[in-house]
Amino acid sequence: MGKVVLVTGGSRGIGEATVRLFASYGYDVVINYYSGEDRAINIAREIEGEYGVRTLCLKADVSVEEEVKVMVDKIINKFGKIDVLVNNAGIAIDTDFSVKSVSNFRRIIDINLIGTFLVSKYVSKDMLKHGGAIVNVGSTNGIDSYYTYSMDYDASKAGVHILTKNLAIEFAPNIRVNAVAPGWIMTPMNEELDDDFMKEEKKRIILDRFGEPIEVAKVIYFLASEGASYVNGTVVVVDGGRK
Ligand code: NAP
C-alpha cells in the first residue's frame with residue numbers, strides 16, 4: 001500500500017508546492033482547503049495525471065473540531081491510514097495596533113495554533129498505531145518578531161513552535177514531530193505587500209532574494225522522510241539566512 005499525506009491548506013502557496021512534491025514521490029495526497037475548492041480540484045487532477053497517484057480534496061476549517069473529525073474519518077475510510085501530516089493552513093491579518101481586534105486575534109490563533117493542535121490530535125489516533133511524521137509550518141515571525149503589525153500572527157507561530165516540541169514528546173517514539181520556520185516566501189499571502197517594503201526586507205536576507213514555495217516544500221519533505229529519522233521536536237529555519 002502506498003503512503004498517504006494530508007496537507008492542510010493544500011490549495012495554494014506553500015501547501016500547493018508540498019502537495020505537488022509529495023505526489024512526485026508517489027504519495028497519495030489529501031488536499032485540505034477552506035475556500036479554494038476549484039484550485040484544489042485542479043491541482044488534484046493535474047497530479048493524478050502527472051504522477052498516477054490517488055487524491056482526495058476535502059473542505060474543512062481546521063479550527064472547527066467537528067469538521068476536522070469528519071475530514072480525518074473520510075481519509076481513513078478512503079485510504080485506510082495517514083502516514084504524513086503537514087499542518088500548513090494559516091492566515092495573517094496585519095494591521096496597526098490601534099485597530100487590532102479580539103475577534104481577529106482569536107481567528108488567527110484559532111486557525112494557526114488551535115488548528116495545528118486539532119488536526120494533530122485526530123490524525124494521531126490512527127498514526128500512533130503504525131507510525132508516521134508530522135511537520136508543522138511555523139514562521140521566523142514566531143522566533144524573532146520585529147514588526148508589531150503582526151503581533152497576533154507572531155504569537156500564533158511562536159505557539160506552533162512550542163506545540164511542536166510538546167507533540168514530539170507526547171507522540172514519541174511512533175510519530176516524529178518537527179516544524180519549518182519559513183522567512184519571506186513568494187505566495188499569495190504576500191502578493192499585496194508594496195515594492196518599497198519588499199526591497200527593504202530583501203536587504204536583510206543573506207541570499208538576497210525571497211524564497212519560493214518549493215524551497216519550503218523540499219524541507220518539509222525531508223523532515224517527513226526516513227532521511228530525518230533522528231530529527232525530532234525541532235524547528236528548521238528556511239529563510240535564506242538573516243543578516
Ligand atoms: P497562502 O497562500 O495564503 O495559503 C494559505 C492556505 O491556508 C490556503 O490553502 C488556505 O485555503 C488555507 N487556509 C486558510 N484558512 C484555513 C482554514 N480555516 N482551514 C483550512 N485551511 C485554511 O499562504 P502561504 O504563504 O502558502 O502560507 C502557508 C503557511 O506558511 C501558513 O501557515 C503561513 O503562516 C506560513 N508561512 C508563510 C510565509 C510566507 O512568507 N508566505 C512565511 C512564514 C510562514 P483556501 O485558499 O482554500 O481558503
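This is a predicted model: local features need pLDDT of at least 70, side-chain atom pairs count only at pLDDT 80 or more; totals for chains, interfaces and linings use all residues.
**Entry 1: ligand surroundings**

I began with the residues around the ligand. There are 33 of them, and Arg12, Ser35, Arg39, Tyr153 and Thr187 come nearest. I then sorted the shell by class and noted 15 nonpolar, 13 polar and 5 charged residues.

In the side chain of Thr187, an N or O atom is 2.4 Å from an oxygen atom of the ligand. Arg12 places a polar side-chain atom 2.7 Å from a ligand oxygen atom.

I next asked how much of the ligand's accessible area the protein covers. The ligand on its own has 900 Å², and the protein covers 96% of this.

I also checked which elements give two or more residues to the shell around the ligand. They are helix H1 (13-24), strand E2 (28-33), helix H4 (102-130) and helix H5 (151-171).

**Entry 2: second largest pocket**

I moved on to the pockets. Rolling a probe the size of a water molecule over the atoms shows where empty space is left. For the second largest pocket I noted a volume of about 170 Å³. Its lining includes Lys3, Tyr27, Asp83 and Val84, the run Gly131, Gly132 and Ala133, and also Arg176, Ala224, Ser225 and Glu226. By class, the lining residues of this pocket divide into 4 nonpolar, 3 polar and 4 charged.

**Entry 3: aromatic pair**

I found 8 aromatic pairs in the structure. I looked at the pair of Tyr25 and Tyr221, with 4.1 Å from centre to centre and 15° between the planes.

Tyr25 is in the loop between H1 and E2, and Tyr221 is in helix H7 (residues 213-224). The two are 196 residues apart, and the pair links distant parts of the chain.

**Entry 4: backbone details**

Which form does the peptide bond from Ala172 to Pro173 take? This bond is cis, and its omega is near 0°. I located Pro173 in the loop between H5 and strand E6 (175-182).

Asp208 has a positive phi, near 60°, and is not a glycine. I placed Asp208 in the loop between helix H6 (195-202) and H7.

Terms used. Residues are numbered from 1 along each chain as its sequence is written. Side-chain values use heavy atoms; hydrogens and water are left out. A residue is near a molecule or strand if one of its heavy atoms lies within 4 Å of it. A polar contact is a pair of N or O atoms within 3.5 Å; within protein, one must be able to donate a hydrogen and the other to accept it, and residues adjacent in sequence count only if both atoms are side-chain atoms. Accessible areas come from the Shrake-Rupley method with a 1.4 Å probe; for residues, only the protein chains shown count as cover. Helices (H or I, at least four residues) and strands (E, at least two) are DSSP runs, numbered from the N terminus. Ala, Val, Leu, Ile, Met, Phe, Trp, Tyr, Cys and Pro count as nonpolar, Asp, Glu, Lys and Arg as charged, and the others, Gly among them, as polar. On a 1 Å grid over the protein atoms alone, a cavity is a set of points where a 1.4 Å probe fits but cannot get out, and a pocket is an open set with protein on both sides within 12 Å along at least five of seven lines; lining residues have an atom within 4 Å of a point. Grid points are joined across faces, edges and corners, and a volume is the space filled by probe spheres set on the points. Rings of Phe, Tyr and Trp (its six-membered ring) pair if their centres lie within 6.5 Å; planes under 30 degrees apart count as stacked, over 60 as edge-to-face and the rest as tilted.
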